[in-house]
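Hi everyone, thanks for making time.

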Amino acid sequence: CPLLENVNLVGDTALHMAARYGHTDITAMLLAFGHDPDPRNKYQRTPLTESVRSGFRGVVGALLQYGAEPTARNGDGENALHIAAASRDQIVGPQLMQMLVAAIRPDELAHAARIPNKNGYTPLHIAKAFGGVEMLGVLMESLGPAEFFKTKAEFRFAPKVASGDNFFLQNGGLQISKQINSRRVWEEELTSLQALKESPRR
């Protein structure tokens, strides 16, 4: 339908607008009529990145159902995972991340979590920097213990990306366990992260 291809001055389609403002029914209708789920505006933003930024779970679900790509990057080199990882909402943010990782093939999850933006920061870096223990938990469950501990070890040498770095690395940071295949040790590490988050800041 030619009407679906109309754009405004910044290249936004009707789907961009519906996604940005949380119109789940309109989003689903446009997709059902054959709208491309991943159109890009002049800033290379997709409806999925716009809806994740705004925290609209219904819209995100509809877009993913019709094949929107969670790892499609915008002009800043960010994809939907980077944006979800930066969410300040400790309830909606992790829920959005769960939806996104569920839409990625299992054999591609480790790569997706390590895609850097233009500044070199991955979704895992961003989740850590924003103090997102719940978000890190979602990523850990999706990646598995070996990949999580590998990333955690890298955090000790990562550049500071936000004030959260001082928080997570205070007192020398957490110890990196070599027992990466132990579910018990894996869960203990997440408990340690939670305790560190709740401890008084110095």
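Let's start with a helix pair: from H3, Pro47, Leu48, Ser51 and Val52 touch Val59, Val60, Leu63 and Leu64 of H4, where contact means heavy atoms within 4.5 Å. Sorted by type, that contact has 7 nonpolar residues, 1 polar and no charged; Ala, Val, Leu, Ile, Met, Phe, Trp, Tyr, Cys and Pro count as nonpolar, Asp, Glu, Lys and Arg as charged, and the others, Gly among them, as polar.

Quick housekeeping. This is a predicted model, where local features need pLDDT of at least 70 and side-chain atom pairs count only at pLDDT 80 or more, while totals for chains, interfaces and linings use all residues. Residues are numbered from 1 along each chain as its sequence is written, and side-chain values use heavy atoms, with hydrogens and water left out.

Back to the geometry. The axes of H3 (residues 47-54) and H4 (residues 57-65) come within 9 Å and cross at roughly 155°. So H3 is roughly antiparallel to H4, the label for angles over 145 degrees, with under 35 counting as roughly parallel, 65 to 115 as roughly perpendicular and the rest as oblique. Axes here are lines fitted to C-alpha atoms, for helices over the stretch in contact, with angles from 0 to 180 degrees between N-to-C directions. Helices are DSSP runs (H or I, at least four residues), numbered from the N terminus.

Now the other pair: H6 (residues 92-102) and H9 (residues 133-143) have axes that come within 8 Å and cross at roughly 20°. That makes H6 roughly parallel to H9. On the H6 side the contact uses Gly93, Pro94, Met97, Gln98 and Val101, and on the H9 side Glu134, Met135, Val138, Leu139 and Ser142. Here we get 6 nonpolar, 3 polar and 1 charged.

On to the charges. Across the whole structure there are 4 salt bridges, meaning a side-chain nitrogen of Lys or Arg within 4 Å of a carboxyl oxygen of Asp or Glu. Which residues form a network of them? Asp12, Arg20 and Glu50. Asp12 pairs with Arg20 at 3.0 Å, N to O, and Glu50 pairs with Arg20 at 2.6 Å.

Buried or exposed? Asp12 and Arg20 are both buried, and Glu50 is buried too, at 5% relative accessible area. Buried is under 20%, exposed over 50%, partly exposed in between (1.4 Å probe, protein chains only). By contrast, Asp107, which bridges to Arg105 at 2.8 Å, is exposed at 57%.

Notes: Helices (H or I, at least four residues) and strands (E, at least two) are DSSP runs, numbered from the N terminus.
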